[in-house]
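Please open the structure in a viewer and keep the selection tool at hand.

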Amino acid sequence: MRDERCTLIVASLLLLPGVLAARDIHYGAVASDAVAACDTVAWRGQSAADCYREILGSDAAAAAKAEAAWALGDRQAANELFRAATSANPDDTTALVRWGDLYAASHQEAEALEMYREALAADPANAYAKLGAAHVLAGRFASEAGLYLESILSSNVPDGARVGAQLLTARIALENGDTRLAAQSLDEAEALIREHDWPPLDAHALRAALDLDAGVEDNAWIRRALDYNPAWGNVYAIPAHFLIIKRRYREGIDLFQRAVDIEPGLASAHEQLGINLLRDNQVSRARRHIEAAYAEDPFSPRVVNTLRLLDSFSDFRLVESRGADGDVPIILRLHKTERDVLAPYATDLVRESIAEFTSRYDFTLTEPVIVEMYPDHDDFAVRTAGMPGLGILGATFGYVIAMDSPSGRSVEEFQWGTTLWHEMAHVFTLEATDHRVPRWFSEGVSVYEEWRSGPSRGVRLSHMVLDKMRDDAFLPINRLDEGFIRPTYEGQVIVSYMQAGLICRFIDQQYGEGKLAAMLVDWRDGAATPAVIERVLGVDTDAFDDAFGRALDAEFGTLLASLDDWREKRKQLTRAVDNKDWQGVATIASELITLMPGHVTSNSPYLVLADAQRELGKTGAARATLETYWQKGGYEVGALGTLVRELRAAGANDKALAVHARINLIDPLNAELHGEYGELLLAAGQPQQALREFEVALALAPHDMATAWYRMAEARMALGEKAKAQANLLEALDIAPNFRPAQKLLLKLAGSQ
Amino acid sequence: MSNCMRQLLPCIALSIASAMACAEKTIVIVEGLGGEPRFVQGFAEQVDAIETASGKLVPPEQLQVFRNADAQRDAIMAYFETLAAESSPGDELLLYLVGHGSYDDHHYKFNLAGPDLTGEDIAGLLDAQAANVQVFVNTGSASGALGEMLERDGRILLLATRSGRERHATRFGTYLADAFVNEFADTNKNASVSAGEAFRFAERQVADFYERHNQLATEHPQLIGAMADRVVLARFTSAADATTDDALAALLVERQTMNADIEALRLRRETMAADDYHAALLEKMLALAMLEDRIEAQQEALQNAR
């Protein structure tokens, strides 16, 4: 099945006939009156097949026949007819734009964009081409969509294109949480729709979404849409989309289910229902709908990718931890090759985070927490968005977390423990608010908890973030969500994460502990950001922004003023390293640390300073530098490994143990480090913990299996488990009969029995 | 065979491969051009490690190192010409090439100052040796190109890449050198590292490196040839374990017998019930452990007597 799907996905999507997909309402984009007449019937939910067939059998223009073939589900014929239409009349940009619409509806957005651009090259004022391009770009959450829409709405264009633009504007506004603009755009669209007697279905569905956003229980717009067309599934699917955007997955699932109930052939709704059921851990039900989507439309990359992912689930294993009485269970879905390595640490970390956040946010989880870790990043991306190529490390859908496993990324760029901690904070902010928390606050709390209570603590801001802070590019709190959903410059999503983290930190430190938890309560009750800020913090958002800005100035002003100086010193540092001028290196690195004590991310001056101190023979100072680096949240595994060795050499085993624990949350796949950690634990009189490390080392199938078994035996001896110790020793000696330490332990064991 | 007398213990330990035991062992190490400082330093460190380890295996006259100005094609070829005239079939030859290699889809070259050493040169100088056991180690880029050319009965090849088309600088040499000093490379805990152990250790480290750094692996080491676990590349204990003490010699012979007995038991494992196997193994391991106590005690007594 997997191979077959792989083959299908690379084939041209338009080669095969029979893909049944309803055509969207086109608001006059089609020139043919005959087609428009059939469409009017179809959009009422009545069968128009004969009507379309009549066009196909007539001597109508090729473009009209293409529309008819498309409506009948024969996309291959539609494709050929559009080709014929545009060949016969190269100046007919109307047919070219509709051809692009066919491609867009067939998951070939890039080709569609090319056609729209071609149409615009021939007819720069073609509003339907601009609208098509805007639709494709908006589907990618690309801000360029807005440029096309502005161009349409500021020009004298056909009413149909204006309606389409207003509806799309409303859609984007709803995604951004701007309900006022959404309502205003809908007002204007509806007036034109009424004037032309076009179907009001899209507008009704968007109105329904607005009502849902406002918490209106009795949704009259859905009833009105169903009166117009009782089989139009999008009346549920469109509002569901906005619920999903706001991470209200279960409510979205309910609506998608209704959509397919009244329109069983609506592939896109089956697809979204399946993907979101997976987010709710309803795997079997999800598979049914993904397969239904595949049956209706086998060319959706999201569907094909998700089916492949579901096939791969057979390589994963579930590990359940029930915990103590009153604890929620923790269920891990881990790849079979990593289960024994990751399960102990992931379970402990999740349990620890639950204890921390339950107390801090005054909210108790009520369902099992499910954590999935994917060794293949593209699997995680498909799990999260249905498509590969996602740039994030983890995603939380409520009680379900999906993330990269440590082997999914390099140790330099990924701290799996910190990511899991971040995602666990999302579980609390989402569930405590019934998924009504705004994105900025949920991300802000997660980032802040990374810094405050996570495995690698300390505020870590990149230079890009500092640059934006200096350039006053932080968004007002009211608009911070836009930075996540529709970024306007490269890197804005990261900047928004950090700004949100700084805001939550500011609230916690400035307004007092408990305020963040109090804000969650207000969001659960449906309040918007301005009201929450005002009620909980006692200031309006403008005043809050001012206060936050002043706090940033106070904390970072000196640093921001010296960023250029900092960069110059970095260059000096590089030159000094190249010249092996270790005294110079030490001096400059120390100055850099003074300027930015929290710089423990890549190219940290702490590491350069430690190297220089070592070169200068100041090993104690080098160790102290690395200790500071570690305490400030540094996570470069090589440096931490060096620190462990230096701490052990200095007899500081307690600190070495703490550093080892940090390493496990960054690089748990290194058998040697587990062995060393276990030996330290054993020496510290912690045989149970040592045994865990040795078991993990063994699960990693190290090169030296004899030592791995021997260490297990040592720990079991310390625990008084003599029979198991003997069995472990025999495993070691079976590999290495002359392994002297194992021989001695065997004799000792025999003597003690 | 004088070397054999000096190394009684290793000869006994290797007696299973009797054809190899007590052979005259010659080790040749060639350090190629590094180019960039980091490679120059890296190659020097690797050669240092290999030279140190080899020094514990053979007397100085059987260890030849070509590095810096000495690492010239003509000098190397001349050395091997002389060696060929003196070698006999029972000997062992270990040749290490540490440096960069290149391959143009037809010809392999090991980069030296002056004329490079070509694949044909290497094949010719090895083929000319009478030594029945030859270990050829090439830690550099494109070394895989030599696999087919050098493969021969009795010859063990440790190559950093699987083909000549893997042309990027390699990490294999770093890890191979580490195997010579890292006790974890010695998987059977006989205080020595065989060619097989060293290769598997380095191969695993190479794979781990690329995986942990999420990089596409640009090198895939390959081991060609049989009996790689029978040839020692490094020893962790001093070679001066030999004895003229009859009592100790008898104990060492007894240990050799026991090890053979244990080996025979392990070979029968698949035919035995698990409980029976473990019971038999336990009995033999306890006996071996007690024997080892006696050996240590005798060695200590001899030491004290001196």
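**First stop: helix 5 of chain B**

Begin by selecting residues 119–127 of chain B, which form helix 5; its buried residues are B:Gly119, B:Ile122, B:Leu125 and B:Leu126. Because these residues cover an arc of only 135° around the axis, they sit on the same side of helix 5 of chain B. The model in view is a predicted one.

Next, turn to the opposite face of helix 5 of chain B. The exposed residues carried there, away from the buried side, are B:Glu120 and B:Asp127. What covers the buried residues of this helix? Select helix 4 (73–86), helix 6 (147–150), strand 3 (92–98), strand 5 (108–110), strand 6 (117–118) and strand 7 (133–138) of chain B, which are among the covering elements.

**The domains of chain B**

**Where chain A meets chain B**

Show both chains together. Chain A brings 25 residues to the contact and chain B brings 24 residues. On the chain A side, select helix 37 (705–718), helix 38 (722–735) and helix 39 (740–752), each of which supplies at least two residues to the side touching chain B. Which helix of chain A gives the most to this side? It is helix 39 of chain A, with 5 residues. Coloured by class, the side of chain A that touches chain B shows 13 nonpolar, 6 polar and 6 charged residues.

**Chain A as a whole**

Now display chain A alone. Chain A contains 39 helices and 5 strands, and its C-alpha trace spans about 100 × 60 × 55 Å along the principal axes. The radius of gyration of chain A is 30 Å, which agrees with the value near 27 Å that a compact globule of 753 residues would have. Of those 753 residues, 52% count as buried. Among the contacts in chain A with a separation of 6 or more, 57% come from residues 24 or more positions apart.

**Domains 3 and 4 of chain A**

Colour chain A by its domain assignment: domain 1 (19–259), domain 2 (320–432), domain 3 (440–559), domain 4 (562–669) and domain 5 (687–753). Then keep domain 3 and domain 4 of chain A, whose centres, taken over C-alpha atoms, are separated by 29 Å. Their contact takes 12 residues from domain 3 of chain A and 12 residues from domain 4 of chain A. On the domain 3 side, helix 23 (463–470) and helix 28 (541–561) of chain A each supply at least two residues. Helix 23 of chain A gives the most to that side, with 3 residues. By class, the domain 3 side has 4 nonpolar, 4 polar and 4 charged residues.

**Last stop: helix 7 of chain A**

Finally, select residues 109–122 of chain A. This is helix 7, whose 14 residues reach 20 Å from the first C-alpha to the last, close to the 20 Å expected at 1.5 Å a residue. Its buried residues are A:Ala112, A:Met115, A:Tyr116, A:Ala119 and A:Leu120. Seen down the axis of helix 7 of chain A, these buried residues fall within an arc of 140°, so they line one face of the helix. The face turned away from the buried side of helix 7 of chain A carries the exposed residues A:Ala110 and A:Ala121.

Technical notes: Residues numbered from 1 in each chain as written. Chains lettered and ligands numbered in written order. Predicted model: local features only at pLDDT ≥ 70, side-chain atom pairs only at ≥ 80, totals over all residues. Contact = placed C-beta atoms within 7 Å. Helix = DSSP H or I, 4+ residues; strand = E, 2+ residues; numbered from the N terminus. Nonpolar A, V, L, I, M, F, W, Y, C, P; charged D, E, K, R; others polar. Buried ≥ 20, exposed ≤ 12 C-beta atoms within 10 Å, placed from the backbone. Arc of directions from axis to C-beta. Expected span 1.5 Å × (residues − 1). Domains from an automatic or database assignment. Rg over C-alpha atoms; globule rule 2.2 N^0.38 Å.
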